[in-house]
Amino acid sequence: MTKADIVVGVQWGDEGKGKIVDMLSAKYDVVCRCQGGHNAGHTIWTNGVKYALHLVPSGILHRNIINVIGNGVVVSPEFLIKELEQFEDLEGRFFISDKAHLNLPHHALIDRAKERLKGKNAIGTTGKGIGPAYSDKISRSGHRMGELNDPDKLCKAIMSDFEENRCFLDALEIEIPSEEELLKELKFYKEKLAKFITNTTRLVWRELDNNKKILLEGAQGTLLDIDHGTYPYVTSSNTVTAGSCAGIGINPKEVGEVIGIIKAYTTRVGNGAFPSEDFGKDGDSMCDVGKEVGTTTGRRRRCGWFDAVAVRYAARLDGVDKFALMKLDVLDGFSKVKICKAYEYKGRETDCFPTDLENVKPVYEELDGWDSVVGVREFKDLPENAKAYIRRIEELTGVRVGIISTSPEREDTIIR
């Protein structure tokens with residue numbers, strides 16, 4: 001039996017997973033999304049054309065690949081239907097778990113209302129309803145994709161939920177839809193999506209038993225994990241590789257290679273500690289050259305230098321076998337580049353990633369910069385200083401860099 005490989009983000013998300021999954025997909029038979037929702041965003045450039053994916057797995061751009069949305073994902077039917085409009089001939093190559101939970105319009109309204117009430121203490125969510133949908137799931141009051149097969153029954157159940165939570169919804173000034181409106185909406189969802197809904201756990205098991213190659217595609221990044229990330233400024237799911245197993249329905253013994261995606265620098269969206277954030281012209285340059293605007297939110301990302309302490313911590317959590325280093329070209333032209341090699345914490349230098357990350361200061365080392373890596377496709381052809389930068393990342397994190405991206409294009413990639 002074959003094993004499932006995993007692609008996982010090793011920073012605060014937005015590492016460039018989409019390009020790598022798209023590039024690797026040609027070697028796989030099945031590509032799966034395992035957690036998160038349409039708060040995730042993958043940008044893929046192919047032949048100069050930009051694709052922005054949110055719920056749909058990145059393997060969708062390859063017509064011979066089966067794409068699966070697993071049980072660990074919270075699915076907005078409304079958003080998914082719109083996203084699917086850009087693709088053709090999906091039957092037989094796209095499936096949604098009947099156990100995946102529904103993320104309905106009222107979840108987004110709750111999300112945004114709660115963020116407004118928090119004011120300056122807001123987490124900085126995408127406002128897409130992900131947290132409230134997962135809250136309903138954990139409180140055992142949620143509804144799953146398979147329930148769309150009986151819209152009348154589902155409608156009555158949701159209307160009952162609204163009635164039970166009327167005081168809460170009224171306090172947030174959220175208008176409850178009429179039963180007629182809701183039923184019409186649910187019937188539309190069924191019409192568009194029912195043909196894709198199935199038992200994806202059984203599907204994935206069957207493909208593994210038949211020696212098919214499977215790739216699990218993580219969303220967000222390890223440092224946003226609900227348990228192991230920088231809580232409370234995290235997402236609502238387990239973004240570590242163990243979460244991928246639970247989110248698709250395989251056991252840890254069925255995991256093969258783990259590929260960790262890292263940027264050559266660091267970015268973060270929303271609030272929360274960010275030790276290596278650069279508030280000067282270098283951070284602005286990374287943001288502008290790297291086009292660091294959220295695929296999902298449109299928000300400008302915070303930028304800073306590569307944090308080896310955080311990456312080493314995340315790589316251990318994920319069991320990373322090798323790194324894919326993204327956006328190396330964004331650092332082109334810097335006379336000096338920095339790496340955060342340690343933290344100053346409680347008066348001492350440490351390589352530990354503490355729970356109270358907001359109380360650390362970065363300890364940097366500087367390396368010489370380089371001119372340009374754009375379009376380079378062989379490691380030997382990289383500028384010597386770029387090679388030195390990559391080797392230093394390997395030394396500080398203890399993980400080999402096996403893939404290097406030198407431009408947004410799929411072909412501009414070095415395989416070591």
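Trainee: Where does Pro-232 lie?

Mentor: Pro-232 sits in the loop between β10 (214-217) and α9 (241-248). Keep in mind that we are looking at a predicted model.

Trainee: What kind of peptide bond joins Tyr-231 and Pro-232?

Mentor: A cis one, with omega at about 5 degrees.

Trainee: What makes the phi of Asp-14 worth a look?

Mentor: Asp-14 is not a glycine, and yet its phi is positive, at about 60 degrees. In general, most residues other than glycine have a negative phi. Asp-14 belongs to the loop between β1 (4-9) and α1 (17-25). Arg-140, not a glycine either, has a positive phi of about 65 degrees. Look for Arg-140 in the loop between α4 (130-138) and α5 (151-164).

Trainee: Why is Asp-14 called partly exposed, and why is Arg-140 called exposed?

Mentor: Set each value against the cut-offs: under 20% is buried, over 50% is exposed, and partly exposed is in between. Asp-14 has 25% relative accessibility, so it counts as partly exposed. Arg-140 has 77%, so it counts as exposed.

Trainee: And why is His-107 called buried?

Mentor: Its relative accessibility is 3%, and buried means under 20%. His-107 therefore counts as buried. You will find His-107 in helix α3 (residues 105-118).

Trainee: What makes the pair of His-107 and Asp-136 a polar contact?

Mentor: The two side chains make that contact at 2.8 Å, and the cut-off for the N or O atoms is within 3.5 Å. Leaving aside neighbours within four places in sequence, His-107 is also in contact with others, including Leu-102, Gly-129, Pro-132 and Ala-133.

Trainee: How do you know that the structure has zero disulfides?

Mentor: A search of the whole structure finds zero of them. Take Cys-287: the closest cysteine sulfur, in Cys-303, is 4.3 Å from its own sulfur. A disulfide needs the two sulfurs within 2.5 Å, so 4.3 Å is too far for a bond. Cys-352 is in no disulfide either, as the nearest cysteine sulfur, that of Cys-340, is 13 Å away.

Trainee: Are Cys-287 and Cys-352 buried or partly exposed?

Mentor: Cys-287 has 4% relative accessibility, so it counts as buried. Cys-352 has a relative accessible area of 43%, so it is partly exposed.

Trainee: Let us turn to the sheet. What makes it an open, mixed one?

Mentor: Ten strands form an open sheet in the order β9-β7-β5-β2-β10-β1-β11-β15-β19-β20, and the pairing is mixed. The strands β9 (197-198) and β20 are called edge strands, as each pairs on one side only.

Trainee: How do you know that β19 pairs with β15 and with β20?

Mentor: Two strands pair when there are at least two bridges between them. Strand β15 (residues 322-326) is joined to β19 by three bridges, and the two run parallel; there, Ala-324 has Ile-403 as its bridge partner. β19 and strand β20 (residues 413-415) also have three bridges, but in the antiparallel sense, with Ser-405 opposite Thr-413.

Trainee: What makes β19 mostly covered?

Mentor: Five of the five residues in strand β19 (residues 401-405) are buried. Helix α12 (residues 384-397) packs on the sheet, touching β11, β15 and β19.

Trainee: Which strands are joined to β10?

Mentor: β1 is joined to β10 by four bridges, running parallel, and Val-7 stands opposite Glu-217. Strand β2 (residues 30-33) pairs with β10 in the parallel sense, also over four bridges, and Arg-33 stands opposite Glu-217. Within β10, Ile-214 and Leu-216 point one way and Leu-215 and Glu-217 the other way, and all are buried.

Trainee: Last one: which residues have the most contacts inside the largest nonpolar core?

Mentor: Leu-328, Leu-331 and Tyr-389, in a core of 69 residues. Helix α11 (residues 308-318) gives the largest share of this core, six residues. Apart from it lies another core, of 38 residues, among them Leu-84 and Met-145.

Note on methods
Residues numbered from 1 in each chain as written. Predicted model: local features only at pLDDT ≥ 70, side-chain atom pairs only at ≥ 80, totals over all residues. Heavy atoms only, no water. Buried < 20%, exposed > 50% of the residue type's maximum accessible area, 1.4 Å probe, protein only. Polar contact = N/O pair within 3.5 Å; in protein donor to acceptor, adjacent residues only side chain to side chain. Contact = heavy atoms within 4.5 Å. Core = buried A, V, L, I, M, F, W, Y, C linked by side-chain atoms within 4.5 Å. Axes fitted to C-alpha atoms, helices over the stretch in contact; angles between N-to-C directions.
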